[in-house]
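Subject: Structure for your review

Dear colleague,

Please find below the structure that I am handing over to you. My findings follow after it.

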Amino acid sequence: MSKKENGAQWLLLTAVFVIATCGLIYELVAGTLASYLLGDSITQFSTIIGVYLFSMGIGSFLSKYFSKNLLAWFIRIELLVGLVGGFSSALLFITFPLAASFRLILYAIVLITGILVGLEIPLLMRILEKKVEFKELVSRVFTFDYIGALLASLIFPLLLVPHLGLIRTSLFFGILNVGVGWYLAYKFSGEVRQAGLLKASAIILLLSQLVCFVFSEKIMTYSEAMTYDDNVVYSTSTPYQRIVITKNKHELRLFLNGNLQFSTADEYRYHEALVHPTFSSLSNPEQVLVLGGGDGLAVREILKYPAVKQVTLVDLDPAMTKLFSKQRMLTMLNDSSLLNPKVRVHNADAFTWLRNNKTKFDAIVVDFPDPSNFSIGKLYSTTFYQLLKHALRPEGIAVIQSTSPYVAPKSFWCVDTTLKAVGLHTIAYHNYVPSFGEWGYIMATPQEPHQWFSHIPAPLKFLNPTTLQQMLTFPEDMKAHQLLDINKLNNQALVKYFEEEWSKYLER
Amino acid sequence: MRRRSFIQSIAGLTVVSSFLASCQRQHVIKGSVIGASSHTGHLLRDKNFAAPVATTEHDIVIVGGGISGLSAARHLHRQGITNMVILDLEKEMGGNAACGSNDISGYPWGAHYVPIPNNDLTAYTDFMRECGVITSPPEAPLPTYNEYYICFDPEERLYINGQWQEGLIPQFGVPDAEKKQIQQFLDKMQAFRIAKGEDGKDAFAIPLDNSSKDPVFTALDQLTMKEWLHQQGWTSPYLQWYVNYCTRDDYGTTYDEISAWVGIQYFASRKGKGSNADHHDVLTWPEGNGWLAAHLKKELQPYFRNEALVARIQEEDGKLTIDYFDVKESRLKRINARQCILAVPQFVAGRILHDEARIRKVHQHIQYSPWMVANIRSNALDERTGYALSWDNVIYDSPSLGYVEATHQQVEQGKKQKNLTYYLPLTGKSPVEERKAAIERTHTEWVKMIVDDLDLVHPDIAANIEEVNVMIWGHAMARPLPGTAHGTIRQELGASINDRLHFAHTDLAGNSLFEEAFYQGLTAAQKVMTQLSAKI
Ligand SMILES: Cc1cc2nc3c(=O)[nH]c(=O)nc-3n(C[C@H](O)[C@H](O)[C@H](O)COP(=O)(O)OP(=O)(O)OC[C@H]3O[C@@H](n4cnc5c(N)ncnc54)[C@H](O)[C@@H]3O)c2cc1C
């Protein structure tokens, strides 16, 4: 064997090593991504591995139909593997939020990569067939193949995922694949037809993957943006939550931790219903407390009452209240309510704040997130409502947003039961907010009777004496039909009802 | 939404995360090993002290500022006693109810909860009322408990068969036949809870000495818990694990060593009932029983002398002399007193009294179980499937008792950092061997043990721990072996000496509980008062 032959042989074996590593990496990337995006890692990994191996089988089978220009084909396949495998995770991240049939795309990518990778080794063996004795050939090719696989399986979890992330990992190996193709085209340009074309396409591919590599962060953000229906116009992570604002032609929406808080299309329905039944029943609502509600929309409604002297707003997240005091788009929405001299903003934990509070209020508006976890559940407990009662003047009224009485009647009436348990009189009501569905609120007061709803300010978009009457009646499907537990810190009954009811609803 | 953080941590993927955890373990975890002043304590054993340099006179000296000593002092103070000192070798009073704190919250170093008190313990419930734990007046038909102090839900969870389940009684993945045995066991405990002896007393009461002496029940003090389970035909491994967990948890003693009577007492002596709580509820605070100790301490500050190691007590001509080593001044000082309460463990009492017979007796009859308690400061941890993070988090078949989340009783939202208190009774080998091994273990070794244990339920724990501080309790508590609850040894060791020297410590109560310490102190204080009034 000549020296040149020998060099060529080692070059091709190095190629085996690189492509084996790349091949396994694509498989691991697909498995990891599928586990992450679809959950259930065991199922995802085993189906991905199965489909991948099977596709490699198809590739090996198809290899017999390649009879001429083997090296050129091999280089083409390298470029193709580099293209499909390299862009696979970026593509999957982008299509996940868009495509209904994400699984189809996922398995298609796995199938194509598998077939191409399956073609590589048989073709390569045939290229080397005439240069090396068969016994030696099989031994060398497979040794390099398996060592490459071992390397891939080790560096993937230890180095690549933690340091590069999935998108850059697959791009990196795409670049390697294409690099091998380019190098072979360059090295064997004499033996290969159209070597120039191959080299040129390899370079274009390399460049585009490098660009993609550099901008992979942007792809992540884009993918996130696509999870929401509309354009994300603002997003930030605070120590407490992720705030995302989206916009389309008709409306602006606020999401906290992925949950819709309001849409400008119908938020007036929610905030009018939250505020006016209480305030229209008070003859002189001077001192007002708002817990939660950092968007300032409830405060906007509250400031429609001239009697109001001071509004104290307690919201945990300074980023929220700052955003809704500074951003023009948002201050237009809340009429700059948070900048009104009557309004004082405290960024503090509501429970702790109320525990230390000495002031008595005429009205308290409680606008917390739904009781979807044990931490928030504490804000709906007897202990919290004791504090609330204590902070109310005897003739004062508190109102509590209390989730959907249609989706979660037990949860809704559990809030009512809990308020009654601390000796408050309650009035429950509900209205329809298209973005949310049927929504419920409960007013609570230490002392009956009131001049209920006697001074509704005009003009409002939703609330008037007639709609109010409708809001006070509950049809059968919004009742609990059972005796409910009182929500206490040591039983968290509400969180359990809430989880049971909402998960049943979302399953449908 | 959480995509990016996922990619950085690849949380939730068992396939790869175990690889990662093992390589991230190299990050250095801060902290140190603290032993309940074992250095100072050992002076008692090893040092020959010079003659005392100063002498003062006091009516009463209390040695030991654990719950027993503090309870005695409180009672005496309430009786108008003012010429009194309390000596303790530690910087803070509290003994096994010690606690610490950082910017996240307080946390316990030892005792961390008490169950709802039995309603007949009026002195104890009065104390609970005084510190705001009971909010209703004494004449209310049932006491109302302050809801900030009743353990919040979710209270307990158990990691079993690959999942967190609610509660500690094994349920998830347990075969029906074993579930039946577990139910039979629980029914039996309920029957014991309401059982009364021939003498009309509760079969199982708190304090232990209020229990019936009916041999039907006291016979159970002759065998171990494991033997008794066996007699009942309860062979279920899940049940055995559960019972063993409980006896390790409360007494640092395995079920094959503990007296069956005491083992049952754990389940059957709790009978408390409130308007808003039941016997299975517990009262707890971020700093654990340190919170109760703080209330006991409130009015007693003027009497405290800390870092005072009592070295010798002598009785001559009807006078007591108490010599203590002032650690700060490094000098021996003397107090002449009329009455003294020894509220220290019995192995210490023997040494202080230079009483060879007592030392031998203690050595023969009492074993002390060593414990390790670690406080872990950590970021939010990756969770396995099943029930949510609870106050008490236990792993089935682990050598440890799991961990208690000290921040659980906080009401604030969105606190990501936590203090986890990890409990490990050292029951593997004999107490002597375990104690020796524990003292030799380095901080790194302890951390590795903890991480290896918790790694099963929080695969990313190694990367998220910021600090681990370890406390070694060499002689944490006396083991309630068969024969101690209803034998004679406690009486022998607890008898007052010449009506001047009295004993109060949970060693003498038969089991180590807050209530027992409270009544140990109270009873000793009453003895002192009787003596003082007799002499006036
Ligand atoms: C890890 C652990 C967890 C526990 N958990 C609980 C629980 O959750 N609930 C519960 O009810 N009980 C629990 N206990 C039991 C606890 O021991 C008792 O509740 C109670 O605190 C014991 O009080 P004591 O005063 O009898 O004894 P100790 O607390 O032992 O008090 C003895 C005191 O004497 C001092 N002392 C010793 N020698 C000398 C000397 N020579 N000179 C001066 N002072 C000296 C010591 O410093 C100490 O302060 C736990 C115990 C441990 C160790």
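A salt bridge is taken here as a side-chain nitrogen of Lys or Arg within 4 Å of a carboxyl oxygen of Asp or Glu. By that rule, the count between domain 1 of chain B and domain 2 of chain B is zero salt bridges. Please bear in mind throughout that this is a predicted model.

Domains of chain B

In chain B, domain 1 is made up of 27–37 + 368–478, and domain 2 of 41–99 + 301–367 + 480–535. Ten residues from domain 1 of chain B and 15 residues from domain 2 of chain B take part in the contact. The C-alpha centres of these two domains of chain B are 31 Å apart.

The area buried between domain 1 of chain B and domain 2 of chain B is about 1000 Å², and carbon and sulfur atoms give 55% of it. Although salt bridges between the two domains number zero, four residue pairs are in polar contact across this interface, with both residues at pLDDT 80 or more.

On the side of domain 1 of chain B that touches domain 2 of chain B, strand S14 (368–378) and strand S18 (465–478) of chain B each supply at least two residues. The largest share, five residues, comes from S18(B). By type, the residues of this side of domain 1 of chain B are seven nonpolar, three polar and no charged.

The ligand

There are 34 residues around the ligand, of which Ser68(B), Asp88(B), Asn96(B), His505(B) and Phe514(B) come nearest.

- For Ile67(B), a backbone N or O atom lies 3.0 Å from an oxygen atom of the ligand.
- For Tyr113(B), a backbone N or O atom lies 2.8 Å from a nitrogen atom of the ligand.
- For Val310(B), a polar backbone atom is 3.0 Å from a nitrogen atom of the ligand.

Domains of chain A

Chain A is likewise divided, into domain 1 (2–219) and domain 2 (266–507). Taken over C-alpha atoms, the centres of domain 1 of chain A and domain 2 of chain A are separated by 57 Å.

Backbone geometry in chain B

Most residues other than glycine have a negative phi, and most peptide bonds are trans.

The peptide bond joining Asp153(B) and Pro154(B) is cis, with omega about -5°. Pro154(B) belongs to the loop between helix H5 (122–130) and strand S7 (156–160) of chain B. A cis peptide bond also runs from Ile206(B) to Pro207(B), where omega is near -10°. Pro207(B) is in the loop between helix H6 (176–194) and helix H7 (215–218) of chain B.

Asp397(B), which is not a glycine, has a positive phi of about 70°. Asp397(B) is placed in the loop between strand S15 (392–395) and strand S16 (403–405) of chain B.

Technical notes
Residues numbered from 1 in each chain as written. Chains lettered and ligands numbered in written order. Heavy atoms only, no water. Domains from an automatic or database assignment. Contact = heavy atoms within 4.5 Å. Buried area = accessible area lost by both parts, 1.4 Å probe. Polar contact = N/O pair within 3.5 Å; in protein donor to acceptor, adjacent residues only side chain to side chain. Helix = DSSP H or I, 4+ residues; strand = E, 2+ residues; numbered from the N terminus. Nonpolar A, V, L, I, M, F, W, Y, C, P; charged D, E, K, R; others polar. Near = heavy atom within 4 Å.
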